[in-house]
Amino acid sequence: MRFFPLTILVVSGLIYSCSEPSGIGSNFIQNGDLGVLYIDTISIKASTVFFDSVPTSTASRLLIGYHNDEDLGPLTCKAYFKLIPASSTNIEETNTRYSRISLVLKYDKYSYYDTSALQTFSVHRVTENMETETDGKLYSTSGFDYDPIPLGQIDFLPRPNKTDSLEIPISDELGKQLYDLVKIGSKSISNADDFQKLIRGLVVSPDSSIDGAILGFSTEAELRLYYMDFSGEETDEEYITFSVSGSSEGGFYFNSIKSDRSDTNLKDLKSTRYALNSALTDEKFYLQGGALGMRIEFPFINSILRDNGNLIISDAILEIRPIHKSDQFNAGLPEELSVNGVNEKNQVQYAYPMSIELVTNPYDRDTYYQLDVEQFIKQQLSIYELNGNALMITLPDAELSSSVTRLYAGDQKNQYEMIVKIHVVTVNDED
């Protein structure tokens, strides 16, 4: 077996062996005497997919906020949670007095979009039983009815990079009710099931008239019942904590992440089973935590490489270029991306051990994600039946359910051009 440079006859055959009309295979660069060829004109089909079942009841943070994204439309994040009773609720009946009650949210340093705007959060009482789905989870599209009249509300400037907490004052009517129950040692306060009959759950909701940021908070939210203690030499303000906890203790939380795409190019995205081609979205496709993924196909790869059996792939690299937008402030690029192999219904078939590297060039400002797709292309070449297999690019699972980090990318016709670079070698057998 010997290697020879590719002749003009093979190049011609590559061009006409494929029915794709855009000149696939017309840009080959012969390299040296070993028959190594470089192809960068393979067609790529890029699409956006909506995820209607991202589980968020195991998210690493609570997400709250509202932002009208330039391309993706209005985005609203609400945090729902059940509370469990405090481990200790004993207070002296004669030497204490009710002080106040508040919900404490602890920043976890995540934020996305503009944090310079004054924001308003309100706390509402859930009015229906909060139960998980049959699989024990709740999702980004889940939600429960709640009282439109808030228990509490706060206007504030976000401080996500500080160690501060956001403390939202709650109605004294609820505070005094809980204080009186604590004083008499009521079972409604000490037993989880009884307590959740008293308070089915809470939801923290943003003001959707304010275009601000999506803020991240620790899942260790607390409802604090403050009281004055006169039993010592000095009067102290102390508190009892009703906390969010795991489902094994009767409490849980989840993030509702909902977008209104009705006035965007993504308005036809309805189900995970379907993808919206970038040709219908101004030659762009999108990714966002809790909502969107990128689907990538190489529809003509079989026609080019299988019909020219003397070609062997030596490497294949996909480059995806981010599009910079006018609302880029505090909307940085994802640091990590994940890849799965999916079928025509976008159901995950394989988790590919591919690394996605963000490449930056300080000289020409050409920033792109680099993905090794050799394994996927070779797998497709081994399947002779027509199929709808594709690569699905998303945020990693932890970020998919716990962030709204986004990525706008260009397809092959966009000025931020996506390309796949394939090196092949030619093989000639001699008797």
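Biologist: Which residue forms a salt bridge with Arg100, and how far apart are the closest N and O atoms?

Modeller: Side chains of opposite charge can pair when their charged atoms come close. In this predicted model, Arg100 forms a salt bridge with Glu167, and their closest N and O atoms are 3.3 Å apart. The pair links distant parts of the chain, since Arg100 belongs to strand β6 (residues 96–112) and Glu167 to strand β9 (residues 165–169), 67 residues apart.

Biologist: Is Arg100 buried, exposed or partly exposed?

Modeller: Buried means under 20% relative accessible area and exposed means over 50%, with partly exposed in between. Arg100 has a relative accessible area of 32% and is therefore partly exposed, and Glu167, at 30%, counts as partly exposed too.

Biologist: Which residue forms a salt bridge with Asp69, and is Asp69 buried or exposed?

Modeller: Asp69 pairs with Arg406, the closest N and O atoms being 2.8 Å apart. This pair joins strand β4 (residues 62–69) to strand β24 (residues 406–410), across 337 residues of chain. Asp69 is buried, with a relative accessible area of 2%, and Arg406 is buried at 3%.

Biologist: What does the salt bridge between Asp71 and Lys284 tie together?

Modeller: The side chains of Asp71 and Lys284 meet at 2.9 Å, N to O. Asp71 lies in the loop between β4 and β5 and Lys284 in strand β16 (residues 284–288), so the pair ties together parts 213 residues apart in sequence.

Biologist: How many salt bridges does a search of the whole structure find?

Modeller: The search finds 15, and Glu319, Arg321, Asp366 and Lys421 are linked in a network of salt bridges.

Conventions:
Residues numbered from 1 in each chain as written. Predicted model: local features only at pLDDT ≥ 70, side-chain atom pairs only at ≥ 80, totals over all residues. Heavy atoms only, no water. Salt bridge = Lys/Arg side-chain N within 4 Å of Asp/Glu carboxyl O. Helix = DSSP H or I, 4+ residues; strand = E, 2+ residues; numbered from the N terminus. Buried < 20%, exposed > 50% of the residue type's maximum accessible area, 1.4 Å probe, protein only.
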